[in-house]
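Hi everyone, thanks for coming. Today I'd like to walk you through one chain, and I'll take it slowly. Please have a look at it first.

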Amino acid sequence: MCKGLAALPATCLKSAKDIKHKIGFLLQKPDPQEQKALKEKTKATVVNRISPVETEKWKTSFSNLIKNDVGRKAFAAFLQSEFSQENIEFWEACEDFKQTSVCKMDTKARKIFEQYVEADSPKEVNLDSATRENTRKNLESCDASCFDEAQSKIFTLMEKDSYRRFLKSQLFLELSQPPMDNKPCGLDKRGKQNISDHSQCLPSYA
């Protein structure tokens with residue numbers, strides 16, 4: 001007769017939880033058919049190269065990259081390829097939160113916490129338990145700085161980890177290349193010019 005979860009050894013419960021997380025991760029992976037449809041949809045998109053001056057600034061510091069609209073979009077595309085886009089999404093949510101009117105702060109803060117900070121949340125970011133608990137307490141007297149500690153931890157995590165890989169990625173190398181005859185690179189010419197899928201996601205710039 002089944003005696004419930006309480007009768008199971010702690011190791012079994014941990015294994016079950018690990019399996020749950022793995023299944024959840026697999027479910028989050030984009031469907032191959034959806035990826036194919038997205039590629040087909042963006043075939044006609046025209047992408048201009050980013051100015052080499054800008055990409056040189058991105059290499060000098062992570063702050064220069066993440067505070068530049070184009071750079072942040074490129075970095076977000078890279079994180080998406082690594083299935084860790086929740087980090088940049090959380091950072092952006094924190095930046096947006098700081099501009100929120102006082103009357104709406106409590107509601108938005110709770111939403112951000114439940115989406116990114118709370119344990120087992122849909123887009124949980126990698127925070128230590130102390131930071132997670134401090135952020136929870138900050139919600140009791142919510143103000144524009146209540147996510148500062150958590151945001152700083154995620155910024156440092158991206159800076160020391162993903163940012164370094166981004167600078168060595170094919171996406172960044174392609175974006176760093178100077179324009180060819182100052183003409184935009186069309187995806188219809190992808191046989192002649194190799195443009196990554198990620199750069200297709202970036203907006204066109206004159």
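Let's start with a term: pLDDT is the predictor's confidence in each residue, on a scale from 0 to 100. We need it because what you see here is a predicted model. The mean pLDDT of this chain is 77, and 63% of its residues reach 70 or more. Where pLDDT is low, the predicted coordinates should not be read in detail.

Now to the helices. Two packed helices are described by the angle between their axes and the distance between the axes. Please find helix α6, residues 86-97, and helix α9, residues 148-160. Their axes are 10 Å apart, and the packing angle is about 140°. The crossing of α6 past α9 is left-handed. Which residues of α6 and α9 make the contact? From α6 they are N87, I88, F90, W91, C94 and E95, and from α9 they are A150, Q151, I154, F155, L157 and M158. By type, that contact divides into 9 nonpolar, 2 polar and 1 charged.

Let me stay with F90 for a moment. Leaving out residues up to four places away in sequence, F90 touches I112, Y116, V117, V125, F147, A150, Q151 and I154. F90 also turns up in the largest nonpolar core, which has 38 residues. Those with the most contacts inside that core are F62, F75, F90, F97, F147, M158 and F166. Several helices each supply at least two residues of this core, including α5 (69-81), α6, α7 (102-117) and α9. As background, in soluble globular proteins nonpolar side chains tend to be buried together.

α9 has another partner, helix α8, residues 129-138. Here the angle is about 150° and the axes are 8 Å apart. On the α8 side we have T131, N134 and T135, and they meet E149, A150 and K153 in α9. This contact divides into 1 nonpolar, 3 polar and 2 charged residues.

One last stop: is T131 buried or exposed? T131 has a relative accessible area of 0%, so it counts as buried. T131 sits in helix α8, and beyond its neighbours within four places in sequence it is in contact with E149, A150 and K153.

Note on methods:
Residues are numbered from 1 along each chain as its sequence is written. This is a predicted model: local features need pLDDT of at least 70, side-chain atom pairs count only at pLDDT 80 or more; totals for chains, interfaces and linings use all residues. Side-chain values use heavy atoms; hydrogens and water are left out. Axes are lines fitted to C-alpha atoms, for helices over the stretch in contact, and angles run from 0 to 180 degrees between N-to-C directions. Helices (H or I, at least four residues) and strands (E, at least two) are DSSP runs, numbered from the N terminus. A crossing is left-handed if the near helix is turned anticlockwise from the far one by less than a right angle, and right-handed if clockwise. Contact means heavy atoms within 4.5 Å. Ala, Val, Leu, Ile, Met, Phe, Trp, Tyr, Cys and Pro count as nonpolar, Asp, Glu, Lys and Arg as charged, and the others, Gly among them, as polar. A nonpolar core is a set of buried Ala, Val, Leu, Ile, Met, Phe, Trp, Tyr and Cys residues joined through side-chain atoms within 4.5 Å. Buried means under 20% relative accessible area, exposed over 50%, partly exposed in between (1.4 Å probe, protein chains only).
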